[in-house]
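User: I have a structure to go through today. Could we take it step by step?
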Amino acid sequence: MDPDKRLLQAVQEAQGILARHVESGPRDCEQTINQLLDVLDDEAVVQAIEDSRMEKPTPEH
């Protein structure tokens, strides 16, 4: 999967996790954090971030 698609998928999954967390009813903050870590700290997502940074020039200040 290309880096942009991988990142989009991770953000969508993270949004879903957060949406479930803010719904009314009981919340398990530890579970929410663990689910977010599973999505965002995944090696493929971390690599996609690095790949995406390498593909796009950064503005110089």
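User: Which residues does histidine 21 touch, not counting residues up to four places away in sequence?
Analyst: This is a predicted model, in which local features need pLDDT of at least 70 and side-chain atom pairs count only at pLDDT 80 or more, while totals for chains, interfaces and linings use all residues. Residues are numbered from 1 along each chain as its sequence is written, and side-chain values use heavy atoms, with hydrogens and water left out. With residues up to four places away in sequence not counted, histidine 21 touches Arg27, Cys29 and Thr32; contact means heavy atoms within 4.5 Å.

User: What does the side chain of histidine 21 do with threonine 32?
Analyst: The two side chains make a polar contact at 2.9 Å. A polar contact is a pair of N or O atoms within 3.5 Å; within protein, one must be able to donate a hydrogen and the other to accept it, and residues adjacent in sequence count only if both atoms are side-chain atoms.

User: Where is histidine 21 placed?
Analyst: Histidine 21 is in helix H1, residues 3–22. Helices (H or I, at least four residues) are DSSP runs, numbered from the N terminus.

User: At what angle do H1 and H2 pack?
Analyst: H1 and helix H2 (residues 29–40) pack at about 175 degrees, and their axes are 9 Å apart. Axes are lines fitted to C-alpha atoms, for helices over the stretch in contact, and angles run from 0 to 180 degrees between N-to-C directions. H1 is therefore roughly antiparallel to H2, a term for angles over 145 degrees.

User: And which residues meet there, H1 to H2?
Analyst: From H1, the residues include Ala10, Ile17 and His21; those they meet in H2 include Cys29, Thr32 and Leu36.

User: New topic: how many salt bridges does the structure hold?
Analyst: The structure holds one salt bridge, meaning a side-chain nitrogen of Lys or Arg within 4 Å of a carboxyl oxygen of Asp or Glu. Glutamate 50 forms it with arginine 53, and their closest N and O atoms are 3.3 Å apart.

User: Why can such side chains pair?
Analyst: Side chains of opposite charge can pair when their charged atoms come close. Glutamate 50 and arginine 53 both lie in helix H3 (residues 43–55), three residues apart, about one turn of the helix.

User: Is arginine 53 buried or exposed?
Analyst: Arginine 53 is exposed, at 54% relative accessible area, whereas glutamate 50 is partly exposed at 36%. Buried means under 20%, exposed over 50% and partly exposed in between, with a 1.4 Å probe and protein chains only.

How values were computed: Helix = DSSP H or I, 4+ residues; strand = E, 2+ residues; numbered from the N terminus. Parallel < 35°, antiparallel > 145°, perpendicular 65-115°, else oblique.
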